[in-house]
Amino acid sequence: MKDYSTEKIRNIAIAGHNGSGKTMLTEAILYKTGASERFGKTSDGTSVCDYDSEEIKRKISINTALASCEYNGIKINMLDTPGLFDFAGEMIEGVRASDSVLITVSAKSGVKVGTQKAYDEAIKQGKSKMFVVTKIDDKEANFFNVLTQLKTVFGPTVCPVVVPVIKDRQIVSYVNLIEMKSYKYDENGNAVETEMPTAEISEKMEYRIDGLIGAISEAVAETSEELMEKFFEGEPFTQKELIDGIHDGMNRGIITPVVCASASTFAGIDMLLKELELLVPYPDEVYPAEAFVSKDEIKEIPCTKDAPLSAFVFKTVADPFVGKMSYIRVMSGILKSNTEVVNTTTGYSEKIGKLYNLCGKKQTEVESAGAGDIVVAVKINAKTSDTLTSAERKIEFGEMIFPLPCYSMAVYASSQGDEAKISAGMQRLLEEDKTLSYIQNEDTKEQILSGLGEQHLEIAAAKLKGKFGVDIVLKVPKIAYKETIRKKVKVEGKHKKQSGGHGQYGHVWIEFEPCISDTLVFDEKVFGGAVPKNYFPAVQKGLEESVKKGVLAGCPVVGLKAILVDGSYHPVDSSEMAFKTAASIAYKEGMRQADPVLLEPFSELKVIIPDDNTGDVMGELNKRRGRVLGMEPVSHGFTQIQAEVPDREMHDFAMYLRQTTRGMGSFSLSFVRYEHLPANLVSEVITSVSGD
């Protein structure tokens, strides 16, 4: 591809609810602009953007795909993002690299939770927005109901630009309200201008179009004082004034245009492309990115080619054939191939080798990429959220904020000896997906893989097998139960054994009592040398080894204080090993007598949910033995509930919350303390732990 000036670039993230037609819309744009030779389909596994083996197999988008095309001399970088909530991190990456977010809404199903999430993410990251009502040709489609819904949910900024003309539940033409022209489409998706709709076509259409034009005029009038004066004087706006007004309003976030299209018939795709050219702001128009010059100083970085180089790595892909692929948004200056840059996040220099433009998995090598463009570098050390700059400009862009993992499974190797391979493969996946975590539970010694949902972890396991040849099994993680005692006891431990030669003799009296400590507290109060001092360490070591296993379920023991108070020794037969064994005998007897109990971990839960779901969630927490500590409003329509909950009951809470709140809820868990396990659960836990 040729070199593009900044005003000839459009960076667009395509986001929305799962199944709202994002990938098919991208496919239609690529086909109509000639970037793709055939019109692929997600259902057939032939689409440009869903090329990953798991995407083809499952017929869903899993990764954000970059697909570039050219229209009227403009380079359009499209970032097709997944709609499933398990892959929210991918959407965040796509929105970060874009300047505008194209939010798809199905004309059949209307505004969904994914629509709201995409809109909220665009607002959060300060991006302009445009709604595309898709699947407009569906028999059950109802564009004007969806338009009303959009206005109800997202407010008066919603501004229709392209609308269908419907007669007898069939679309007969499309009206471009900026041009005030009507178009019909042939079977190949080519537009032919036709007459504007009259009452003969649809009784409501003339009235409706008058109202829509009034809505556009009112929205445009809000963008400047001059246009507001003209609006009040009753003068109609010129086509240029409408285009410039909507363009400016989009950039400032006060206008959200609505267009409609059918990816399957290509109807409206040409008008969508026209609006992307005319209405969508280009990179040097949007609010300049902010970067840290130092910890305390923030500086605006204008998007211009004349400035020193600065670039942001917004996505990483671990490709087993090509190597690591780093997706880079050039923020200023020019990024050139075969040059050296500074990674200001790590402080090390990076050797940039070859650079590529992508259209799905198709790579086109380029010599450079200018300010505002998106390009891919291979085999560099930079990670997601790293900043690359020239030597003379040391700045750092802020990291992306990803949702925290909330669903965990334990990882086991299918075959012995694969542990090292699993660890290496996981590290590559963690570079690629910042919403995954992989850690060892210090108590249970299990390797724990955490993500945003069940499907997220299933696909991570599938990627591990497909990309790195490692097969794993996912199991419900073990709960790190512990044991303690509830009363003070004094017990004897004697180890006496006689065999040929020297015998073995160790004899101790030890007091065991509860205390507040995660480790064994050892003390001695021996009088008169009943046990020589040189055997004290052996007694302590014997107890420290013993507390690794309790007497109820073999769980580690906490909150235990042991005081060596008496004993006896043999001048010949006593040894460190004998006293160590005696201490172990005393421990076992003491634990049995000291009223041992099982402890379970409790965590603090902070869950944010829509107000309508507070009753359901509080009821569910009570069922899960949780204790609600309080609740408070956190934003419009949302409440935060704070509670303490047993870890044992929370494994599938992420799934419950997603189902109940339709994906709008979120939560965090952090360990607080251990508490006594209820008596009715003790036998069940002992059986399950002993079985492990």
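Reader: Where is the place of lysine 59?
Author: Lysine 59 sits in the loop between helix H2 (53–58) and strand S2 (65–71). Keep in mind that this is a predicted model.
Reader: What about the phi of lysine 59?
Author: Lysine 59 is not a glycine, yet its phi is positive, about 60 degrees. Most residues other than glycine have a negative phi.
Reader: Is asparagine 338 buried or exposed?
Author: Asparagine 338 has a relative accessible area of 54%, so it is exposed. The cut-off for exposed is over 50%.
Reader: OK, helices now. How do H3 and H4 pack?
Author: Helix H3 (residues 88–97) and helix H4 (residues 113–124) pack at about 45 degrees, and their axes are 10 Å apart. That angle is why H3 counts as oblique to H4. The crossing of H3 past H4 is right-handed.
Reader: Which residues meet there?
Author: From H3, Met91, Ile92 and Val95. From H4, Lys117, Ala118, Glu121 and Ala122. The contact of H3 with H4 has five nonpolar residues, two charged and no polar.
Reader: At what angle do H1 and H9 cross?
Author: Roughly 85 degrees, for helix H1 (residues 22–32) and helix H9 (residues 269–278), with axes that come within 10 Å. H1 is therefore roughly perpendicular to H9.
Reader: Which residues of H1 and H9 meet?
Author: Leu25, Ala28, Ile29 and Lys32 of H1 meet Ile269, Leu272 and Leu273 of H9. Six residues of the contact of H1 with H9 are nonpolar, one is charged and none is polar.
Reader: Let's jump to H15. Which residues of H15 are buried?
Author: In helix H15 (residues 653–661), the buried residues are Phe653, Ala654, Tyr656, Leu657 and Thr661. They cover an arc of only 160 degrees around the axis, so they lie on the same side of H15.
Reader: What covers the buried residues of H15?
Author: The cover includes strand S25 (407–413), strand S34 (596–610), helix H14 (614–623) and strand S37 (666–676).
Reader: And what comes just after H15?
Author: Arginine 662, with a positive phi of about 55 degrees.
Reader: New topic, strands. Where is arginine 329 found?
Author: In strand S15 (residues 323–332). Arginine 329 counts as buried because its relative accessibility is 6%.
Reader: What does arginine 329 touch?
Author: Leaving out residues up to four places away in sequence, arginine 329 touches several residues, including Asn11, Asp99, Pro283, Phe312, Phe314 and Asp373.
Reader: Last one. Which strand holds alanine 377?
Author: Strand S22 (residues 374–378). Alanine 377 has a relative accessible area of 0%, so it is buried.
Reader: What is alanine 377 in contact with?
Author: Setting aside neighbours within four places in sequence, alanine 377 contacts Lys324, Met325, Ser326, Ile328, Lys354 and Leu355.
Reader: How many Å separate the C-alpha atoms of alanine 377 and glutamine 116?
Author: They are 33 Å apart, and the two residues are 261 residues apart along the chain.

Conventions:
Residues are numbered from 1 along each chain as its sequence is written. This is a predicted model: local features need pLDDT of at least 70, side-chain atom pairs count only at pLDDT 80 or more; totals for chains, interfaces and linings use all residues. Side-chain values use heavy atoms; hydrogens and water are left out. Axes are lines fitted to C-alpha atoms, for helices over the stretch in contact, and angles run from 0 to 180 degrees between N-to-C directions. Helices (H or I, at least four residues) and strands (E, at least two) are DSSP runs, numbered from the N terminus. Angles under 35 degrees count as roughly parallel, over 145 as roughly antiparallel, 65 to 115 as roughly perpendicular and the rest as oblique. A crossing is left-handed if the near helix is turned anticlockwise from the far one by less than a right angle, and right-handed if clockwise. Contact means heavy atoms within 4.5 Å. Ala, Val, Leu, Ile, Met, Phe, Trp, Tyr, Cys and Pro count as nonpolar, Asp, Glu, Lys and Arg as charged, and the others, Gly among them, as polar. Buried means under 20% relative accessible area, exposed over 50%, partly exposed in between (1.4 Å probe, protein chains only). The arc is that of the directions from the helix axis to the C-beta atoms.
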